Amino acid sequence: MPSRFEVHFGGPREAPGALRDLLSGHVAAAPPGASIDWATYYFRDRRLAQELAAAHARGVRVTLALEARPRTLRANQAVIALLSGPQGLGPSFRPMQMHRLAPGKIGKQRLHEKIYCFSDPEPVAFVGSFNPSGDDPEEAPDVVAEIGDHHVAHNLLVKIRDPRIVGFLCEHVRTLYRDGAWLPLGLGRGAARDCDAGDTQVHLWPRRGAHPVERLLEGYGAGSRVRIAASHLSNRFSVACLMRLARRGAQVEIAAEHTERRVPRQVERRLAEAGIGFARLGAAADIPMHLKFVLAENGRERHAVFGSFNWTSQSYWLNHEVAVITRDDSVFEALDRRWRVLGLLASSPPGSA
């Protein structure tokens, strides 16, 4: 019997476009009558968009919810035009206009989830940090410079076969497509609902109450170890949570994105002062560090966390996000192996103060 989870990585040690090719292969394998349900943030890959349109034309039921106005406003325009056109997806495609709650970029809710569901040849869902944000041929290098080249970025997608989780995520994407954005703080008819599959829980944002990942970490202290791969880390509440964790005696290590816009230097200094090991990746070759995962060990208890969520105020309280928290050993071990690779690539190994 195949594992419930398969972890797939993108990055400088994988073939360029490995994760987009993974999705492309599943699109090509979907037979007439099957369903494809996606929600994502950046989508610039016109070839992959054309493959979705071809699947729709051969009788696959395609549902796509896409952020209409991401941080880099024109990033998705070419794909939106393609899929909204006469040879596109028709009403199966929804570019989503999210709520604006305050002036400026940080006051706007965004569809930041990365969920890719397929009903056939087997029901699976991919969850992780990968957006199909590269294009070939690349006609907007300035956009790539702003958002990063996800064909070569450190990224991951986890293939999930558990029928409870797949069904939950598929229905979530369809609800998002049908009803649109819901208000922050868990208000509105589409308010987030979580999925409990025994050793694995799926959490959605926006939501009421404590952050699920922070709630998990509150139970950690002396003798425990927490490793975090973070593309964005700027929220002062997140920083305070990690500092408290270190002061309780946990060994905390962070491998972070190299740009100061995503991880400010002040955050790095505060974490280092708390004794947290910190390393930045990708600066030498300007490779985006877009991984988002946590490895938490407390005695014999081990949790792995992955998804779209960032350690930012936007992610915590406004965005549509997804996180999976699991005790599955195969996921933990795959992410642990990747952590060791990140240590080899970092300018200083994660864990060194």
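Mentor: Gladly! Let's start with strand S10 (residues 225–230) and strand S11 (residues 251–257), which run parallel and are joined by six bridges. Within this pair, Ile 228 has Ile 254 of S11 as its bridge partner. A word on the source: this is a predicted model, where local features need pLDDT of at least 70, side-chain atom pairs count only at pLDDT 80 or more, and totals for chains, interfaces and linings use all residues. Residues are numbered from 1 along each chain as its sequence is written, and side-chain values use heavy atoms, with hydrogens and water left out. Strands (E, at least two residues) and helices (H or I, at least four) are DSSP runs, numbered from the N terminus, and two strands pair if DSSP finds at least two bridges between them.

Both strands belong to an open sheet of eight with mixed pairing, in the order S8-S9-S15-S14-S13-S10-S11-S12. Strand S8 (195–196) and strand S12 (277–281) are at the edges with a single partner strand each, so one side of each has no neighbour in the sheet.

Now look at S9 (residues 200–205), where His 203 lies. His 203 counts as buried because its relative accessibility is 8%, and buried means under 20% relative accessible area (exposed is over 50%, partly exposed in between; 1.4 Å probe, protein chains only). Leaving aside neighbours within four places in sequence, the contacts of His 203 (heavy atoms within 4.5 Å) include Asp 194, Pro 212 and Glu 321.
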